[in-house]
Amino acid sequence: MLTLFGIGKRKISENKVANVLVNTLIEYCEKGFPEVVDVINNSPELHASPELDKENYSEFLQILIVSNLNFIPIYLEPEISTKVNELVIEKFAAIFEVTPKELDDKMKEYKKFLTRINHPSKNMLYAMSKGMFYKYDLNSFQNEEYFRNLQTPNPIFLKRLDEVMGQFIFNWDDFIAKYKVSA
């Protein structure tokens, strides 16, 4: 009951939050992407398997980074949210061996892309699924000519992908229940 009022929560620094988020997203990629590939490669809505490579998760990771960064301001105070976002970008920039500015620009491009393909919806989960569809060029594998011609994912396929992609959103509710993020 005391944690309901923030009493008894463990304090955690912005830097540690960023570390947790970066490590979690990397783990999601390494352990989860093969499962995503299996779902896509074996989808009945596709006439042939796209034969995605279980090691080719760069687009997937970028979708996860952008999507999960999008949730930070919902759960953290504005200045803490901004700092955690910056730290996550810095940490991933070091991993990718680019400057934080280069990675930040790339993530902004990805966010614009996800926003555009998901318009008018603002649901980030749907954007993640559509991002996978377009970044992994799945349109030509669709069974139904109607959806291929529209260059849009079959809603049944998209629903299946939504269920899978939902597993890759960081669980902020549990995290915030246990920790108080401090500057």
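Let me begin in the loop between helix 1 and helix 2, where Glu-51 lies. Helices here are DSSP runs of H or I with at least four residues, strands are runs of E with at least two, and both are numbered from the N terminus. Before going on, the provenance: this is a predicted model, local features need pLDDT of at least 70, side-chain atom pairs count only at pLDDT 80 or more, and totals for chains, interfaces and linings use all residues. Residues are numbered from 1 along each chain as its sequence is written, and side-chain values use heavy atoms, with hydrogens and water left out.

Back to Glu-51. This residue has a positive phi of about 50 degrees although it is not a glycine. Most residues other than glycine have a negative phi, and most peptide bonds are trans. Glu-51 is exposed, with a relative accessible area of 65%. On that scale, buried means under 20% relative accessible area, exposed means over 50%, and partly exposed is in between, using a 1.4 Å probe and protein chains only.

Asp-137 also has a positive phi of about 50 degrees, and it is not a glycine either. Asp-137 lies in the loop between helix 5 and helix 6 (145–150), and at 52% relative accessibility it counts as exposed.

Which peptide bond is cis? The one from His-119 to Pro-120, with omega near 5 degrees. Pro-120 is placed in the loop between helix 4 and helix 5 (124–135).

Next, the strands. Strand 1 (residues 10–13) and strand 2 run parallel and are joined by 4 bridges; strands pair if DSSP finds at least two bridges between them. Lys-11 has Lys-180 in strand 2 as its bridge partner. Strand 2 (residues 179–182) has Tyr-179 and Val-181 on a covered face, with Lys-180 and Ser-182 on an uncovered one.

Now the aromatics. A search of the whole structure gives 15 aromatic pairs. The criterion is that rings of Phe, Tyr and Trp (its six-membered ring) have centres within 6.5 Å; planes under 30 degrees apart count as stacked, over 60 as edge-to-face, and the rest as tilted. One of the pairs is Tyr-28 with Phe-168, edge-to-face, at 5.7 Å centre to centre and 75 degrees between the planes. This pair links distant parts of the chain, 140 residues apart: Tyr-28 is in helix 1 (residues 14–41), and Phe-168 is in the loop between helix 7 (155–165) and helix 8 (172–178). Tyr-28 and Phe-168 are both buried. For Phe-170 and Trp-172, the ring centres are 4.8 Å apart and the planes are at 70 degrees, so that pair is edge-to-face too. Both of those residues, Phe-170 and Trp-172, are buried.

There is also a cluster, in which ring pairs link Tyr-28, Phe-33, Tyr-57, Phe-60, Tyr-136 and Phe-168.

Which rings does the charged end of Lys-135 sit over? It sits over Tyr-110, 4.7 Å from the ring centre, and over Phe-113, 4.5 Å from the ring centre. The test requires NZ of Lys or CZ of Arg within 6 Å of the ring centre and within 35 degrees of the ring normal.

On to salt bridges, where the whole-structure search finds 5. Each is a side-chain nitrogen of Lys or Arg within 4 Å of a carboxyl oxygen of Asp or Glu.

Glu-45 and Arg-160 form one of them, with the closest N and O atoms 2.5 Å apart. The partners are 115 residues apart, Glu-45 in the loop between helix 1 and helix 2, and Arg-160 in helix 7. Glu-45 counts as buried at 10% relative accessibility, while Arg-160 is partly exposed at 27%.

Lys-31 pairs with Glu-27, the closest N and O atoms being 3.4 Å apart. Both lie in helix 1, 4 residues apart, about one turn of the helix. Lys-31 is exposed at 56% relative accessibility, and Glu-27 is partly exposed at 41%.

Asp-104 and Lys-108 make another, at 3.2 Å between the closest N and O atoms. Being 4 residues apart in helix 4 (residues 100–118), Asp-104 and Lys-108 are separated by about one helical turn.

That is the set I wanted to show.
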